[in-house]
2 protein chains.
Amino acid sequence: MILSPGATIGILGAGQLGRMLAIAALKVGLRAHIFAPEAEAPAYDAAAARTVAAFENEEALARFAEAVDVATYEFENVPVKTVEFLAERVPVRPGARALALTQDRLTEKKFLRDLGMKTAAFVGVEDAGALARAVAELGRPAILKTRRFGYDGKGQSLIREGSNVAAVHRALGSAPMILESFVAFEREASVVAARSLEGEIVAFDLSENEHEKHILARTRAPARVSAETELEARRIASTVLEALDYVGVLAVELFVTRDRQGREGLVVNEIAPRVHNSAHWTLEGAQTSQFEQHMRAIAGWPLGAPTRRGRAEMHNLIGEDAAEWRDILAQPDLCLHLYGKLEIRPDRKMGHVTRIFPESPASE
Amino acid sequence: MILSPGATIGILGAGQLGRMLAIAALKVGLRAHIFAPEAEAPAYDAAAARTVAAFENEEALARFAEAVDVATYEFENVPVKTVEFLAERVPVRPGARALALTQDRLTEKKFLRDLGMKTAAFVGVEDAGALARAVAELGRPAILKTRRFGYDGKGQSLIREGSNVAAVHRALGSAPMILESFVAFEREASVVAARSLEGEIVAFDLSENEHEKHILARTRAPARVSAETELEARRIASTVLEALDYVGVLAVELFVTRDRQGREGLVVNEIAPRVHNSAHWTLEGAQTSQFEQHMRAIAGWPLGAPTRRGRAEMHNLIGEDAAEWRDILAQPDLCLHLYGKLEIRPDRKMGHVTRIFPESPASE
């Protein structure tokens, strides 16, 4: 189904990604209707309508499906059953499959491996005994992660030389886990790309990312990688988008590695079936933002040009960083985004700041 | 009063300017509360809250004043009494004076003349007899305008050689009018500038405007004028902003003239005490958009840099133009904005399209 201006986009989730998606909807004459359980959250202020209800509330979901023309989600921990329930009533883009896949780190890694992609070595871990065998197989350091509900470093732990494996396992709880070998990367990157309803694929220039305490701290675009690596990243994104028959924006997180011969390579870390923090720079730095791109894709519209407008740097405002808002506003080359979160909490993404450095058109 | 992120901006009026102001508020972590009489209008979808009530409804206005931290207006035909009522309860930026002044073309022209600015020759016209004398004084062609409630060419009529003056007068009704001599301009331009609470003034580069049927059709920035003319336009804007002790964004519409010696000059046409269609290009084309600039100013925040990011062209989508939305989306260098107006009507501003042509940093 192809939408017309004036149509309503249903968005599951009410965080800052939902807020920026709703703003992008407004720009192109669409309406946003947010569905989320929280009474207060960033996206509501940007939306024409809201439903505050649990993701399991089928009565509320049925009414929501009636009220929207297409539905999407802004974070990957929406229950798959919620999306399946909606998908019987209204198009959901991207669909339940991408969601289910990325909710389980083990399924996701297998999917990537089956597509022929290079990932960290990994083993599924059902209990403490299996973990001991897995550590013996993969060696140390290795990372133990819960298969489900991880983000920003939550639900994972590094197993080093000397770590008490059983204790690490207990600390993460009894949920099914995955052990991954540690990738000695040179830098982290991500490719954010969109696939339209007609199957057209458009990628933004590769982003280079720095994390602090497992949370994205800074992104620069373009990433400092070779042209071959850039092409390889785009090929990876295209392969994933096509394998999932995906409609919308998706991010692939990558490790950039260098082998003993000095050759650059890519290891796929994980997929996010949504707009992504590492492409916030596209709001000022690209002809089309990732948020508008997602709206175009799920509306059945032509994708926009991803053309970069300069060299971009983005840094997140985490926790107390946001208290610097006035100093940031006073700096003429900084572009401030705040998400409307009233309470500053440690590790909470409060906003972000972008700086675009003009490049000569000839040099692009 | 200086606002903090999370504060609420009250906006009188719910048109596309209110919509884009509300979107700008969202970007920097502010909330928008729209007050307007229409049940359906473009700005509501972008606002956290709305009050649908007549501008004369003092009970609703008092509640609105309680709910917002600062108030502003998005069009100049809000009743002055409404703003005066609010101003006793909450800061209104810009205030009632700029509004009252620009609601009456005769008062506005006198204000500009008293500031030493060059305007078209003008005479106030109270009745048909006064009009006959005014036409004799100013000559033909001349433009007869109602003093109040004019926009997009409404409430005005050209008096040419051979026009039946009495008939023109009757057609415009019996309201007080102003007769203005016709300015033989080379082109039309506008300067859009902001003044902060602390008195800092920042202007965007001059816009060059083309009207069709009295409605803005196209804008390009920078305007093709001499550096002296550009400076003179900025001086005019600064003088007006300071004379009004203005806080917020204001537009001055100008005629660019050329005398018999070939010298370029400026004639001030009128003032709009608000964000202005001729600076919509700043959304993509400037470091800070006019909408964010207005938010910064009325929040008591530092103004943003007006730096242009390239050569900008904007054209309005008027009436049936909006039916071309899909073709526009498919063109990679066009940036589409739609205002969420569901019904296409002739002469209705449905959206606009911007194109930015990169310039080499060295050439700026």
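This is a predicted model: local features need pLDDT of at least 70, side-chain atom pairs count only at pLDDT 80 or more; totals for chains, interfaces and linings use all residues.
**View 1. A:Arg105 pairs up with A:Glu270.** In this salt bridge (a side-chain nitrogen of Lys or Arg within 4 Å of a carboxyl oxygen of Asp or Glu), the closest N and O atoms are 3.2 Å apart. A:Arg105 sits in helix α5 (residues 105-114), while A:Glu270 belongs to strand β14 (residues 264-272), 165 residues apart in chain A. Helices (H or I, at least four residues) and strands (E, at least two) are DSSP runs, numbered from the N terminus. A:Arg105 is buried, at 9% relative accessibility; buried means under 20% relative accessible area, exposed over 50%, and partly exposed in between (1.4 Å probe, protein chains only).

**View 2. B:Glu126 meets B:Arg147.** Here the N to O distance is 3.6 Å. B:Glu126 lies in the loop between β5 (122-125) and α6 (128-138), and B:Arg147 in the loop between β6 (142-146) and β7 (156-159), so the pair ties together parts of chain B that are 21 residues apart in sequence. B:Glu126 is exposed at 52%, whereas B:Arg147 is buried at 18%.

**View 3. B:Arg308 holds hands with B:Asp205 in a salt bridge.** Their closest N and O atoms are 2.7 Å apart. B:Arg308 is buried, at 14% relative accessibility.

**View 4. A network of salt bridges in chain A.** Its members are A:Asp205, A:Glu230, A:Arg234, A:Arg308 and A:Glu359.

**Reading notes.** Residues count from 1 along each chain as its sequence is written, and chains are lettered from A and ligands numbered from 1 in the order written. Local features need pLDDT of at least 70 and side-chain atom pairs 80 or more, while totals for chains, interfaces and linings use all residues; side-chain values use heavy atoms, leaving out hydrogens and water.
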